[in-house]
Amino acid sequence: MSDSPIPASPTPLNPRRRGIVLGASDGLGAALARQLSAEGFSLALIARRADKLNALCQEINSQDGQAWAYAHNVSDYDAVPALLRKIVADLGGLDLVIYVASVNLPPGGLDKYNFENDKQMIEVNLIGAMAWLTPIAEMFQSAKAGQIVGISSVAGDRGRVGNPGYNTSKAGLTTYLEALRNRLTRHGVNVLTVKPGFMKTEMLKAAAGPTPFAIEPDVAANHIVKAMKKRKQVIYTAPIWRWIMLAIQHTPSFVFRKLSF
Amino acid sequence: MSFNLNTTFSQLENFGHSLRAPSYRIAIKRTEDIYDAFQLAKKLGLTVAARGTGISYNDASLNGGGIVLDMQGMNQIEEWDPASGVIRCESGVTLEQLWQRVEPDGWWPPVVSGTMKTTLGGCLGANIHGKNNFQVGPIGEHVVEFTAMLPTGALVTCTPKKNADLFYAMISGLGMLGVFTSITLKMKRIYSGLISVDAWHVTNLRDHLNDLREHAPTHDYIVGWLDAFAGRKNLGRGQIHGARQLNEGEDPNPEKTMRLPFQHLPDRFFGVLSKSKLHYFMNPMMNNFGMRFVNMGRYALSLRHHTFRQSHAAFHFLLDYAPEWERSFGRGGLIQYQSFLPKETAEDAWRELLQLSQRRGLPSYLGVTKRHRPDKFLLTHSVDGFSLALDFKVTDSNRRRLSAMLQEFDRIALDAGGRFYFAKNSETTAESARRFLGDAAIAKFKKLKKRCDPNGALESDLYRRIFGKTQ
């Protein structure tokens, strides 16, 4: 299951931080994994598809990084405690977790409804995050150290006509992360909520309408890593989305009801 | 043992605050707790390391991602016989508890570290030495008996005669064969709470080592301070402190001087500056420029030769004088590099080390020398010669250069027949360790490991660094 590099023991002159990236096989997750490896993180990379994950691990390990691959479906909640225990042991500790795993399954039109899709999005985007971040938050609170990064979305800022299930899953995640932040900041743990707009990934190809301000995953990953270092609370990426979403959040309902996005 | 392991997750550090290892810390109060922890670890597939007060300079008591047994709760002195000087303690008892118990009765621990905060379990695991190593050997030579729990749950009792192979391997064995539960030690008679100290300066490395060697036989303790900034003909200059225990009758009032209040270390410098605040004042000086002057000033003060009496605690526990002094090294913390060299090769090798550190602009801020003799413990660090301990400040910008330099240090020291101490050096590689321990000692240790810990339950970051993963 795990493609193990030979673990280099951390020493004061060769320190290693240890991180988990959930949803690491492609797009933003893979970009984050590459950048964090360059920053000196030992990484546990988690995704459903083992093939892509193994390729990414090999790439990182061939460049003096340390990455282990774990094939896992984030909606397999019961598997989390044991897998987390194993990962923390393999990494030699835990300092960081990034929850990137996400699915976007639009109902397929403004007159379509699809509970199966909605359920799946809640299971992956929200409950999967809670299944992983609950024990990790508990550990970080106990250790009085650590950093949690959740990749939510601008889509969670407002319920819109296009994809109610996705909006709900991301709104839930944003609120959940905010609650964790309010619990954990006093214990020295940083919780960063990332709200990306459009990104040039596979998910974008599925999008029906226009996709303004779309950025490359590498650019977003770079932005996120910088925000992590500054221990920020909430960021939009690209940053312009902060202002766009400010306008959208303040759009009155009687106007919003008439819009078609 | 049914509890939530997540809520034991702790950010454990080494003494110098230069390493952080998040791990599950389980508080141990009784021997049975150790057994329960081993069972839990087995169930969860985790490794276990024991930790006392966690003040090794390196990763000896760290086990990132695994279980760490916090032994500080096993801190009962079980039996003390002031007539024979034999004391039996749980392994979490500290040297502080120990000397405070035995001193008023006219005894002193035969071997102590520079801090009294160490636990006996840790002292045996590293087989610590003191400033009297050349006279009395490491602490292991004063252990009458110990009991340890193996990962199988079995309790073994060892003496130099009974289970002798385990006795000589578990002492110095880094806690990797079993967890000490009970330790019996023989104390040393003293006839005063005071110790007579001679202090004099030495102007270069040759004199420094000569004086350590020549004055050792006439002193019970000897230790040198070395100004690592001084170069050329002053290289190796410093100050030697030789100390002698008082004989019976030399102290007119031993009852008074052996009382605990007499041994109290003052809380303030010059009666003003609170010592726990010292690091705020030291921090701005902790750079090459500032420390050059601090070392120079210290050398100037050492030019006055004098003999004085001070309390045992004040002489021995220099590191406890200023609590948290290590904080003055700043965010990156500190590391110590200590090499043990045979008396024949020490001078040339250390000249090379010190010159290299000066050329690289990475001088040590504190150098300490001692005189040693060999011992027969399996993973021994000792030699018939000297040790030189060098403290280095770690910063984000010097890590890479310091690491490269210490690798060269290792090569120079090993070529000169040197050895390293597993409670100190944090950068010793498996290859370096193999060179000074020898394949035979490593094979013997691994064989004992297999016997005591067949499933490889005991692992620390130090163990993985030196011996690799067993699982």
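In chain B, the centres of domain 1 and domain 2, taken over C-alpha atoms, are separated by 20 Å. The contact between them draws 29 residues from domain 1 of chain B and 27 residues from domain 2 of chain B. The model is predicted.

Several elements of chain B give two or more residues to the side of domain 1 that touches domain 2. The helices among them are α1 (31–44), α14 (439–452) and α15 (461–467) of chain B. The strands are β3 (48–51) and β4 (67–70) of chain B. The largest share of this side, 4 residues, comes from α1(B). By class, the side of domain 1 of chain B that touches domain 2 of chain B holds 17 nonpolar, 8 polar and 4 charged residues.

The domain assignment of chain B sets these bounds. Domain 1 is made of two segments, 5–72 and 447–467. Domain 2 covers 73–189. Domain 3 covers 194–427.

Chain A was examined as a whole. Its secondary structure comprises 9 helices and 7 strands. The radius of gyration of chain A is 18 Å, and the globule rule gives 18 Å for 261 residues, so chain A is as compact as a globular protein of that length. Along the principal axes, the C-alpha trace of chain A spans about 60 × 40 × 35 Å. Of the 261 residues in chain A, 45% are buried. Contacts in chain A between residues at least 6 apart in sequence were also classed by separation: 68% of them join residues at least 24 apart.

Key. Residues are numbered from 1 along each chain as its sequence is written. Chains are lettered from A and ligands numbered from 1 in the order in which they are written. This is a predicted model: local features need pLDDT of at least 70, side-chain atom pairs count only at pLDDT 80 or more; totals for chains, interfaces and linings use all residues. Domain bounds come from an automatic or database domain assignment. Two residues are in contact if their C-beta atoms, placed from the backbone, lie within 7 Å. Ala, Val, Leu, Ile, Met, Phe, Trp, Tyr, Cys and Pro count as nonpolar, Asp, Glu, Lys and Arg as charged, and the others, Gly among them, as polar. The radius of gyration is taken over C-alpha atoms; the globule rule is 2.2 Å times the number of residues to the power 0.38. A residue is buried if 20 or more other C-beta atoms lie within 10 Å of its own, exposed if 12 or fewer, and partly exposed in between; C-beta atoms are placed from the backbone.
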